Amino acid sequence: MRVRPLDIAAALAAAVVIVLTAVAVYAPGNAAPEVVISGAGGEWIYPLDTNRTLQIPGPLGLTTVEILGKTARVTDSPCKNKICIAMGAISSPGQWIACLPNKVFVRVEGRTARGAADTGAY
Amino acid sequence: MLTERRWNDRTDITALLGAFCFFLSAVEYMVPKPLPFMRLGIANLPILLATDLLPLPWYLVLALVKVIGMSVISGSLFSYVALFSLAGTMTSAMVMWLSRKAFGDLISAIGVSILGAVSSNAVQIFLARVVVFGEAARLIAPAFLAMGLLTGIALGVFAERFVAVSLWYARAAGAAARGDAAARGGDGV
């Protein structure tokens, strides 16, 4: 077996692409955090930097989660105490909002920490 | 002579390599995968070998047979997973074909295989991003591409060794070369 010049070039080119991709994906700082929402029906992941309004189903009804201006908050909930609404907006990895009566859990996670769980969840 | 005619007939080679694709897809399916999309890619071996054996139309037929074989065996023919397989396989088949034809002796099956595997995985990551996971798909990109590089090297090394020792390949390649010469108006010897 004889390794040819372009074999090495191909391997090096692939290695460069892999390293560049890894840097782009895992570099701290340029990764926007994500909003992870757990509800009765499953778990959803949304980027924190895209505005949207979500209706999360729970045993009591729909909990409305709003992602706006790189923060996430619960704006409406069928629960009695509305503590989840009172918890206000979250924006940094590690922060969370929980609505126990409606079994909705909203948390912000950094991208770096998500990798394994995300692919594993599939 | 019957044997000569058999080897000159590309449908025979296409069918045999297609059958290998089915068989290797089954072997591939048996191997446990740490992550859903992380395949060994051994079912691509016949396509890699075919770059020097088949003319482009039959080569593309073979790639299509591989997609169908893989999808039938994994039970994903009528799901979006088959779309991934189709896009990945066709892209890598074209990349392997072009790199083989463009670079000739400057590249061996190892380089061709690396380019094919990595391009296949890149296309599948792109599709995963557009069709299934959205932004989160980028998280799997580095590991998935690295897997492509490793399996590409392994498959290429195996193909090189196979080409070096296989009598079947030598006969098929000889027939392919004679066929090409005949097609160009040579005497076909």
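Colleague: Looking at strand E7(A), which residue there is the bridge partner of Trp96(A)?

Modeller: In this model, which is predicted, the bridge partner of Trp96(A) within E7(A) is Arg107(A).

Colleague: What is the order of the four strands in the open sheet of chain A?

Modeller: The order is E2-E1-E7-E6 in chain A, and the pairing is antiparallel.

Colleague: What makes strand E2 (42-47) and strand E6 (96-99) of chain A stand at the edges?

Modeller: Each of them has a single partner strand, so one side of E2 and one side of E6 in chain A are left without a neighbour in the sheet. Between neighbouring strands of this sheet, the turn is 15° on average, with direction ignored.

Colleague: How do you know that strand E4 (residues 62-68) of chain A and E5(A) pair?

Modeller: The cut-off is again at least two bridges, and E4(A) and E5(A) are linked over five bridges in the antiparallel sense, so they qualify as a pair. As one of the details, Thr64(A) has Asp76(A) in E5(A) as its bridge partner. These strands belong to an open sheet of three strands in the order E3-E4-E5 of chain A, with antiparallel pairing. Strand E3 (52-57) and strand E5 (71-76) of chain A stand at its edges, because each has a single partner strand.

Colleague: Why is Lys70(A) called partly exposed?

Modeller: A residue is buried with 20 or more other C-beta atoms within 10 Å and exposed with 12 or fewer; Lys70(A) has 17 within 10 Å, which means that it falls in between and is partly exposed. Lys70(A) lies in the loop between E4 and E5 of chain A, and its phi is near 60°, a positive value in a residue other than glycine.

Colleague: What makes Lys103(A) count as partly exposed?

Modeller: Lys103(A) has 18 C-beta neighbours inside 10 Å, and because this lies between the limits of 12 and 20, Lys103(A) counts as partly exposed. Lys103(A) sits in the loop between E6 and E7 of chain A, with a positive phi near 55°. Most residues other than glycine have a negative phi.

Colleague: How many residues does each chain bring to the contact?

Modeller: Chain B brings 27 residues and chain A brings 24 residues. On the side of chain B that touches chain A, the largest share, 10 residues, comes from H7(B).

Methods: Residues are numbered from 1 along each chain as its sequence is written. Chains are lettered from A and ligands numbered from 1 in the order in which they are written. This is a predicted model: local features need pLDDT of at least 70, side-chain atom pairs count only at pLDDT 80 or more; totals for chains, interfaces and linings use all residues. Two residues are in contact if their C-beta atoms, placed from the backbone, lie within 7 Å. Helices (H or I, at least four residues) and strands (E, at least two) are DSSP runs, numbered from the N terminus. Axes are lines fitted to C-alpha atoms, for helices over the stretch in contact, and angles run from 0 to 180 degrees between N-to-C directions.
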